[in-house]
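Please have the sequence and the model at hand.

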Amino acid sequence: MSSNTSVVWGHERLRIVLDVSPDGPVGVRSLSDGGRAGNRPQGGGPDEHRPRPAGDRPRATQPLVELLLPGAGRARASHRFSRTAVGVRLLYQGCEQREDGNWHELRLDLRDPQSGLEAEVRLRSAEGVSAFQARTRVTNRGQEPVLLMGVTSFAAALAGACPDRAEVVHAESEWLGESRWTREPLRRHVPDLGLAAHGQDGRGLLAVVSSGTWSTGARLPTGGLVDGEQAWLWQIEHNGAWRWEVGERLDAPYLALLGPTDVDHQWQRRLRPGESFTTVPVSVAVSGGGLEGAAAALTAHRRAIVRPHPDRERLPVVFNDYMNTLMGDPTTAKLLPLVDAAASAGAEVFCVDAGWYDDGGAWWDSVGEWQPSQTRFPDGIEEVLGRIRERGMVAGLWLEPEVIGVRSPMADKLPAQAFLQRGGVRLVEHGRYHLDLRHPRAVAHLDQVVDRLVEDLGVGYFKLDYNIDPGAGTDLDADSAGDGLLEHNRAHLAWLDGVLARHPGLILENCASGAMRMDYALLSRMHLQSTSDQQDFRRYPPIAVAAPMSVLPEQSASWAYPQPDMSDEQVAFALCTGLLGRLYLSGRLDRMRPEQLGRVREAVRVHRELRADLARATPVWPLGLPGWDDDWLALGLRTEAHTYLGVWRREGAAPSVRLELPHLAGRAIDLDVRFPRHLPAWDADWDPRAGALTMVFRGEEPFAARILRLTNHR
């Protein structure tokens, strides 16, 4: 091998060039979408992945794998996962490329001669998609145990990005205020320190970290870097603790993606000789079409990694009795009129939310057995579930499987080892214990609950909630609390896989108090995502508009909860929030006037017309990513023939707004107001040269919204 050679891998829509050498780390030289002239892989035959001479150019020096050990640390003092001592010592051993159906795969083998650690990096990318998934497997081939304190799933310099121009995209998130995006200069976090004059990389960085098991309880595992039209977007696919970071190196900004670490999450893993550890999966999309181009690529990639399921084609309309309706207090008398009203409106699934198991009225700390209440349902819950099926809907129930209330009978029926614990004491949060799904008794209990409810009661839909966070993890039978939690997280995924293997038609909703666990470890398995628990219909639109940055449109379930005391414009506003995603209905439909219920029925009909396009659409944001307090909000879902456009006007907004739709520039369009049709249409003016739509609201109400369909003329 020459002193500087390259491995080129990818396909027509993705090109990754990796520098390799006998005396330095493997590093990503370039990562591009492959769609532009000169960026496509050359050749493509069986030798495509083999090293090739790279001339005299400087080598990419950001290691592909960063690995932190207590006896090695970092090669240069910093807090970053960039240039760890082991990372710079990992030498190239070989690679293999293969195709598996629609997937292109690359395996790279690396070895550290000092520690005896070997790293196997696996990349895979779906044909035609400018994104890839990555993970790293570390094996101890030495003679002594090694303590891991952090391993990257993927690390790379983002060649072509200029720190002075680049913008970083990231999001804060919390209960009731999910997916609050910020796009700001990288220099706000990493100032220009004149690194070239010092001849060494900097130490500053933006580190985005989530701890515990609310994987999106504070920050989103999705982030991006944008430099003009070049954009990179990434996600960490883990239902627990994670970290991503960006910073500046001498050659370019860098990116490092990780699961749990010692410094952030009390994670350590001891590898004995012959043992291996595999990191959590992560995905990266790249585009020469700006942030929306990268979002389109990551959207396509998400569709490639989700588990096949009939629900992904049918996308049934769900009615749930909770939000601003029964609020966890269901009874037969309350539910039967709602069931009839929901069926009349066109719902296809009816989910009975929290409280169905409660006999005493104070159920929070007694949950865990999941037996139907006898006081709430005097003739049995079968009466309600039977009515749901009689009205042509799938029957659903709310379930919070991972918790056992401290007053639950199950708290004493299961062994102490079936719960997360620290120092021999069961962890308690908000009156609940937390099951440890590494333990077979915990898994057997949950399997028995699900199988009983599906097979005996005919439940075809579960809303899986999750309302506590046990913190750093469990130290029982684990090298560290963080490692115990990681293995529990993985056991949780294995449990979900087992449920779906036994009940392949079962529909699973991912809730977790709205969207506090909105990650693609779970969403690659489950079928729709509650985007929030926000009860104020005026505050919900920015959450719904932002959701497709992190979740597929066909999985984004935003509540639409019209109420009988709302004005016509308010009813329309509330319903529009749910229409450009999985329509997720609630509200007192049973108390509505006939004309109000007719508006709900109209919204359901419109949603059924457009939902076939949801699974093919890519998101666009004509006003940019939404701000929490923005007066005007807009989301577009783009297909080859149509662009579905949702526009929300909130109190205090100017009467008009200009919506940028550059993908339609130079085209004539037909503009059709799809919902609501019974209210006055807004004035609209299309500028084909600029690809911009100006809309003017002539009404007097402070809140109004419309769903439009723009049809292209080629």
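Cys511 is buried, at 1% relative accessible area, where buried means under 20% relative accessible area, exposed over 50% and partly exposed in between, with a 1.4 Å probe and protein chains only. This is a predicted model, in which local features need pLDDT of at least 70 and side-chain atom pairs count only at pLDDT 80 or more, while totals for chains, interfaces and linings use all residues. Residues are numbered from 1 along each chain as its sequence is written, and side-chain values use heavy atoms, with hydrogens and water left out.

Cys351 is likewise buried, with 0% relative accessibility. The sulfur of Cys511 has its closest cysteine sulfur in Cys351, 9.5 Å away, which is too far for a bond. A disulfide is a pair of cysteine sulfur atoms within 2.5 Å, and the whole structure contains zero disulfides.

Attention now turns to strand E16, residues 230-236, in which seven of seven residues are buried. Strands (E, at least two residues) and helices (H or I, at least four) are DSSP runs, numbered from the N terminus. On one side of E16 lie Gln230, Trp232, Trp234 and Ile236, and on the other Ala231, Leu233 and Gln235, all of them buried.

Strands pair if DSSP finds at least two bridges between them. E16 pairs with E15 (residues 222-227) in the antiparallel sense over six bridges, and Trp234 of E16 is the bridge partner of Gly223. Two residues separate the strands of this hairpin, where Gly228 adopts a positive phi near 65°. E16 also runs antiparallel to E21 (residues 282-287), joined by six bridges; there, Ser283 of E21 is the bridge partner of Gln235.
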